[in-house]
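Keep the structure open as you read.

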Amino acid sequence: MATAHAPAADKYYVPHGSHWPIVGSVSLFLVMAGAVAFLNDWAGGWAFIPGALLLATMFFGWFHDVIGESRSGAYNHQVDRSFRMGMMWFIFSEVMFFAAFFGALFYARSLAVPWIGGEGVKVFNKLLLWPNYDPAWPTNGPARIGGHEDGTFQIIPAFGLPALNTAILLTSGVTITIAHHALQAGKRTQLKIFLAATFVLGFLFVGLQAEEYAHAYKELGLRLSTGIYGSTFFMLTGFHGLHVTIGAIMLVIIWLRTLKGHFTPNNHFAFEGVAWYWHFVDVVWLGLFIFVYWI
Amino acid sequence: MATHAHTDAVHDDHDHKPHGWRRWVFSTNHKDIGTMYLVFACTMFFVGGTMALIIRAELFEPGLQFVDPQFFNSMTAMHALVMIFGAIMPAWVGLANWLIPMQIGAPDMALPRLNNLSFWILPFAFMLLLGTLFVPGGAPAGGWTMYPPLALQAGDSFPMMIFAIHLMGASSILGAINVVVTVMNMRAPGMNLLKMPLFVWTWLITAYLLVAVMPVLAGAVTMLLTDHYFGTSFFAASGGGDPVMFQHIFWFFGHPEVYIMILPAFGVVSEIIPTFSRKPLFGYESMVYATAAIGFLSFIVWAHHMFTVGMPLAGQLFFMLATMLISVPTGVKIFNWCATMTRGSLTFEPPMLFALAFLFLFTIGGFSGLMLAIVPADFQYQDSYFVVAHFHYVLVPGSLFAIVGAVYYWLPKWVGRMYDQKLAKVHFWLSAIFVNVLFFPQHFLGLAGMPRRIPDYATQFADWNMVSSIGAFGFGFSQLLLPYIIIKCVKSGAPAPARAWDSAHGLEWELPSPAPFHSWETPPSAAVIARGAEH
């Protein structure tokens with residue numbers, strides 16, 4: 001690299017102003033305001049749609065600018081490191097978001113439900129409030145919220161579709177690693193094939209999740225409203241599915257970029273950022289498979 | 001890659017300031033964004049302050065005078081949300097923006113466009129939040145902590161509050177990521193971690209806390225939203241959930257949040273006291289480790305906010321003892337500040353006055369916090385005015401005084417002019433006296449049994465409430481001096497030298513006053529760093 005003569009660049013890089021952040025703020029506001037109007041049955045829920053379109057435009061435009069600047073060679077090593085660190089900390093914040101829902105699952109399952117069932121000093125719950133409640137997991141609570149007409153529901157066994165989905169996501173983790181090695185070795189064809197395989201597996205996963213959801217909603221009586229089990233199940237797997245979808249879209253974008261000849265063996269932060277993100281949704285899935293489906 | 005020539009070419013375009021509204025709306029400049037944050041925080045401070053004065057006007061005498069109870073409750077909830085998310089936190093981010101790049105020898109924040117996004121989310125978030133005042137059912141009235149099931153009974157304001165919090169959280173997370181990356185990646189060569197000024201250190205740890213807990217708050221309010229609109233049972237026992245679970249998740253965010261608001265204040269005080277004592281900071285490294293220890297402990301003490309809600313005895317003991325443990329690193333800090341002043345040649349310029357008031361009054365808040373940590377005692381204090389007095393002592397003469405002190409300390413650097421120090425001292429004395437008139441009697445009220453968040457009270461509480469309200473109006477109106485002093489300084493202050501205070505250390509004082517648009521275009525030399533980083 002031409003800048004190799006100094007550990008940090010001897011002149012700092014500062015990007016010029018950009019209108020994308022304010023477009024992002026306005027679009028977020030429109031999305032939120034539209035959602036508020038929708039939830040409150042006000043007129044104006046439609047604001048959500050231009051907001052979402054504007055948000056997509058913002059992502060497209062902002063990344064377009066950054067990609068252009070990067071490819072024109074405007075960025076130095078320090079900028080690259082800032083992007084990397086920023087992405088890592090963003091993923092950490094996502095981990096903490098999932099941690100809130102995992103925390104809710106653990107708390108409900110190992111504390112709240114036994115207490116409702118009268119464990120320990122909470123014995124009066126059993127004696128006075130809900131004498132007939134069996135606090136076994138999975139549960140939709142003493143009032144049998146949601147589920148079939150009679151309040152029962154079935155769950156999705158771990159070693160069916162979820163196990164297959166685990167295999168799919170783990171395989172996609174392998175394919176993206178092969179793609180990464182191919183990129184570093186300059187094997188462009190291998191890169192394109194394995195990157196495509198990764199997002200195909202990703203969308204396959206999302207499709208199977210949708211299948212599973214439909215089955216749960218129609219036949220198992222397992223819905224978002226099916227007590228605490230349905231709540232934790234759908235919020236955890238739902239947010240995960242959303243993240244897989246976002247990750248798969250990101251994979252498509254970098255695949256399109258590889259088709260256009262972007263990325264060099266030692267300058268491909270966007271690829272690595274997406275790969276980290278993909279491993280993150282992979283790891284979250286392992287947590288889901290173990291704690292939500294299996295044990 | 002032949003990047004170098006190109007980089008220079010790109011640079012030459014930006015060394016002049018953009019003009020007009022584009023300068024602010026499209027800004028990628030840490031100083032401009034810092035200024036916007038500070039102006040926003042100041043505006044919200046007066047909005048939240050007006051709400052506080054409505055509360056204190058109603059409580060001036062027993063009986064219902066001015067507002068109906070529902071609106072009173074809205075005022076307590078909104079005052080807290082506006083002050084926490086609108087005034088204190090943005091003020092700290094504004095100060096971080098202004099100071100961190102200058103103090104570590106960087107040209108700007110690491111991710112300047114993200115920085116712009118972090119700021120510009122905020123006005124929209126507050127349009128949503130303050131908009132709740134005008135919707136059917138009124139503003140949120142269930143307290144800023146949003147405990148279910150009460151919070152779920154709000155009117156149309158409910159989703160507005162939730163989404164406003166999502167937006168504020170997004171803003172804080174992006175801002176915090178920016179601070180972490182800036183500190184870890186943009187330090188000038190030779191500016192080791194243990195040479196960084198304490199304001200940078202405390203903000204670094206604050207940023208870690210923010211990235212870790214703001215998403216948890218987002219998760220908690222998302223669960224509230226789905227419980228309200230989409231039939232989930234997270235906080236409903238009938239479905240196997242637990243309303244207390246919300247409190248656990250909320251306070252897992254909420255306690256680190258408390259330190260998010262106070263750790264940068266420790267940093268500011270650690271900068272001001274050495275300057276006006278004309279001595280290096282006593283125990284620099286122990287200050288760093290104490291800050292880190294407080295940051296760590298903040299994650300394992302949350303349940304002291306909810307002792308009376310019911311939890312296993314082992315839980316109560318753990319959270320009581322862990323909470324008391326915090327007084328050890330905090331004590332290290334207090335004693336280090338005292339040791340810094342010992343045998344120093346002290347002078348009492350406005351920043352020093354605010355730092356000293358911080359030292360005394362924050363310590364009072366710390367001690368009442370220790371009292372609240374004791375489980376059996378807390379059973380008496382819970383939800384009383386004693387709690388109100390406690391956290392206002394750490395937030396007002398704590399965080400707020402540190403923010404004001406920071407403004408008076410660095411204002412000459414920012415605008416290149418000295419402010420009216422006499423008037424600032426008047427501002428200080430009015431603030432310091434009235435803040436005690438305002439909050440000290442609330443300890444007595446709480447111990448006597450007056451509950452918080454009520455618009456009316458038994459007549460035995462009348463006297464101290466009246467005193468407290470007088471203090472509130474005195475304090476509130478004396479704060480108008482702050483913007484006046486700043487505007488006067490910007491318009492007609494006498495020019496300030498680069499080192500505005502004769503013994504101030506730190507890289508920011510090596511820059512001219514006012515600091516150039518891009519702080520350090522090239523990294524400062526080793527000699528400059530050595531001079532600046534003398535602790």
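**Starting at S18(A)**

The backbone nitrogen of W20(A) sits 3.1 Å from a polar atom in the side chain of S18(A). That falls under polar contacts, meaning a pair of N or O atoms within 3.5 Å; within protein, one must be able to donate a hydrogen and the other to accept it, and residues adjacent in sequence count only if both atoms are side-chain atoms. Before going on, a word on the model: it is predicted, so local features need pLDDT of at least 70 and side-chain atom pairs pLDDT 80 or more, while totals for chains, interfaces and linings use all residues. Residues are numbered from 1 along each chain as its sequence is written, chains are lettered from A and ligands numbered from 1 in the order in which they are written, and side-chain values use heavy atoms, leaving out hydrogens and water.

Back to S18(A), which you'll find in the segment before α1 (20-39) of chain A. Helices here are DSSP runs of H or I with at least four residues, strands are runs of E with at least two, and both are numbered from the N terminus. S18(A) is buried, at 5% relative accessible area; buried means under 20%, exposed over 50%, and partly exposed in between, with a 1.4 Å probe and protein chains only. What does S18(A) touch, leaving aside residues up to four places away in sequence? Its contacts (heavy atoms within 4.5 Å) are F26(B), T28(B) and R113(B).

Next comes the helix α1(A) itself. Its 20 residues reach 28 Å from first C-alpha to last, close to the expected 28 Å, where the expected span is 1.5 Å times one less than the number of residues. Of those 20 residues, 15 are buried, so α1(A) is largely enclosed by the rest of the structure. Just after α1(A), D41(A) takes a positive phi of about 60 degrees.

Now for the charges. Side chains of opposite charge can pair when their charged atoms come close. D502(B) is exposed at 57% relative accessible area, while R278(B) is partly exposed at 28%.

Another salt bridge pairs K488(B) with D420(B), their closest N and O atoms 2.6 Å apart. K488(B) lies in helix α17 (residues 481-492) and D420(B) in the loop between β1 (417-418) and α15 (421-447), so the pair ties together parts of chain B that are 68 residues apart in sequence. K488(B) is partly exposed at 31%, and so is D420(B) at 27%.

Finally, look at the surface of chain A. F106(A), F159(A), I290(A), F291(A), W294(A) and I295(A) form a nonpolar patch there, with about 610 Å² of accessible area together. Helix α8 (residues 269-294) of chain A gives the largest share, 3 residues. W294(A) has its place in that helix and is partly exposed, at 48% relative accessibility.

Technical notes. A salt bridge is a side-chain nitrogen of Lys or Arg within 4 Å of a carboxyl oxygen of Asp or Glu. Patches are made of residues with over 30% relative accessible area and no salt bridge: like charges are joined within 9 Å, nonpolar side chains (Val, Leu, Ile, Met, Phe, Trp, Tyr) within 5 Å. Accessible areas come from the Shrake-Rupley method with a 1.4 Å probe; for residues, only the protein chains shown count as cover.
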